[in-house]
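Here is a short briefing for a first look at this protein. Keep the structure open beside the text.

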Amino acid sequence: GAAQQWAVPTRQTVRVSSNAFLHPKVLLVLGFFPRSGAQGTHMSVRRAFLVFGALASLSGGALGFVLVAAAIGFAFHINTVAEFNKDMPSAGFYNTYIGRTFGSHTGALFAFIYSAGLAAIVGVVTMGVGLWVSNALGTITVINYAHLPWWIPAVLAELLVVALLLRGVKFSVRISASLVIFEIAVLIIGGVAMLIHNPGAIAQSGNTFNPTLIPHGVSGFGLAFTLAIFLFLGTSSSAPLAEEAKNPKKTIPFAVFAAAIIATVLYVFAAWTEQVGFNNNTGLLAKQVFPYITGVGNAFHPLVYFMYLAGLTSAIAVVIASSNAISRVWYSMGRDGLFPKAMGSVDTKTRVPRISILVSAVVATVLFLIFGGIAGGGFSVATGYNAYAELATLGTDFIILVFMVTNIALVVHELHNHSQGVRWLRRIVAPIIGAIIFVYPFWESVKPTQPRPYNWFGAVLIGFLIIGAI
């Protein structure tokens, strides 16, 4: 049956698009708003606001060094995605890579694992919109944000994104593209404001690249690296749109590498200027909920309102990119017989996988409502961040496992398909390093000695593996 074939679609296949293939610049935009990782790390303005406080605490004064190290480490995995796309571009993404390499049964197993993780991640990024809106309202108004019902703006955001996606991928990406310039401009202007406000701190800010400042040596670096590498987890978001891209064997590799490079530059710039904004006081920086916004507010307070607006537009863009990705992956699984056949259909007018878009949106909404209302202990912002971190971490555990298997798959694929000779550096050495890099972060996320409920995540993953194998 179709589930046993794992066919790689060609241009003759019924494609999921709106009349034309996507331009490389459009793919770059999608790669620029990747999916989430643990602790809510999205490649967005909002992510820079949220994560750098925790990273500063873990890395001491060497935040810049940790970010560069994480970027280099994740580049090995980006290489795996790029190389696989040269041989088998497909909306199935990791599912196709693994299935074509290890066979249909293994492919189906990890398609199930990846789908579960991806659904959790889409739920997380949508939940993040609600939390951000509630927190922003509480900060810039007299409302007590801790008691605001974050789920209302989250559900509204999901409805908005679904409406955009049903119009077609090119339309939804245009919306994202129209926001990206504003968001980057706000981030850069805020950073420059901190540099102008604290020029005396610039001379010592180079210490952000000094690894000797990392507390607790190798162990401290490992913990900081674990969080930092999650910042880059979604830079391959354009890969599931391979069937809608112009010349995907060239444009997808360009898009994923370009997105990773741009993300690295912006992250390092934000980390450096943020440190200057706090006069290199890492301890004070780490105590802030949104340190970047605090630093910019100290430099020029009116910019704070633009920061919150940029965070909101960035959050919406992340939901669009995440939803585009999961709907294409689930469409591919429906087409391959792993999901109901209706999931593998496209709308005759808009040429989008309408059923997959609607089903993935419902599943993601149910997930974040369950975690927010039950696991989080209520729907207030005060408890919502706990549920946010839990669901993000659980989803990331699933996806990191798929990352490691995908890296190994590239090695096996190359050894069995090397008509032009084995490409040792890009297809043997690099993916092996990529797989090894994820071992420590993966173990840190699933080890049973963590506080509850994180100590159960390893067992949950094993349970899903058993169910998928059956």
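Leaving aside its neighbours within four places in sequence, which residues is Thr80 in contact with? In this predicted model, they are Thr406, Asn407, Leu410 and Pro431. Thr80 itself sits in helix α4, which covers residues 63-87. Its relative accessibility is 0%, so Thr80 counts as buried.

**Overall picture**

- The protein has 18 helices and 0 strands.
- It contains 470 residues, and 60% of them are buried.
- Take the contacts between residues at least 6 apart in sequence: 80% of these join residues at least 24 apart.
- The accessible surface comes to about 17,600 Å². Carbon and sulfur atoms account for 70% of that surface.

**Aromatic rings**

- Across the whole structure, a search finds 20 aromatic pairs.
- One of them joins Phe93 and Tyr94, with ring centres 3.9 Å apart. The planes of Phe93 and Tyr94 meet at 35°, so this pair is tilted.
- Both Phe93 and Tyr94 are buried.
- Tyr94 also pairs with Tyr114, and here the ring centres are 5.1 Å apart. The planes of Tyr94 and Tyr114 stand at 80°, so the pair is edge-to-face.
- Tyr94 belongs to helix α5 (residues 94-102) and Tyr114 to helix α6 (residues 104-140), so their pairing ties together parts that are 20 residues apart in sequence.
- Like Tyr94, Tyr114 is buried.
- Ring pairs also build a cluster. Its members are Phe74, Phe84, Phe93, Tyr94, Tyr97, Tyr114, Phe403 and Phe438.

**Helix α10**

- Helix α10 runs over residues 248-277 and has 30 residues.
- At 1.5 Å a residue, α10 should span 44 Å. Its end C-alpha atoms are 42 Å apart, which agrees with that expectation.
- Of the 30 residues in α10, 21 are buried, so the helix is largely enclosed by the rest of the structure.
- Just after α10 comes Asn279, with a positive phi of about 55°.

**Surface patch**

- A nonpolar patch lies on the surface. Trp151, Ile152, Leu156, Leu159 and Phe379 form this patch.

- Ser380 occupies the loop between α14 (354-375) and α15 (381-416).
- Is Ser380 buried or exposed? It is buried, because its relative accessible area is 17% and the cut-off is under 20%.
- In sequence, Ser380 and Trp150 are 230 residues apart. Their C-alpha atoms are 6.2 Å apart in space.
- Val124 has its place in helix α6. With a relative accessible area of 0%, Val124 is buried.
- How many residues along the chain separate Val124 and Ala154? They are 30 residues apart, with their C-alpha atoms separated by 9.9 Å.

Technical notes. Residues are numbered from 1 along each chain as its sequence is written. This is a predicted model: local features need pLDDT of at least 70, side-chain atom pairs count only at pLDDT 80 or more; totals for chains, interfaces and linings use all residues. Side-chain values use heavy atoms; hydrogens and water are left out. Helices (H or I, at least four residues) and strands (E, at least two) are DSSP runs, numbered from the N terminus. Buried means under 20% relative accessible area, exposed over 50%, partly exposed in between (1.4 Å probe, protein chains only). Contact means heavy atoms within 4.5 Å. Rings of Phe, Tyr and Trp (its six-membered ring) pair if their centres lie within 6.5 Å; planes under 30 degrees apart count as stacked, over 60 as edge-to-face and the rest as tilted. Accessible areas come from the Shrake-Rupley method with a 1.4 Å probe; for residues, only the protein chains shown count as cover. Patches are made of residues with over 30% relative accessible area and no salt bridge: like charges are joined within 9 Å, nonpolar side chains (Val, Leu, Ile, Met, Phe, Trp, Tyr) within 5 Å. A salt bridge is a side-chain nitrogen of Lys or Arg within 4 Å of a carboxyl oxygen of Asp or Glu. The expected span of a helix is 1.5 Å times one less than its number of residues.
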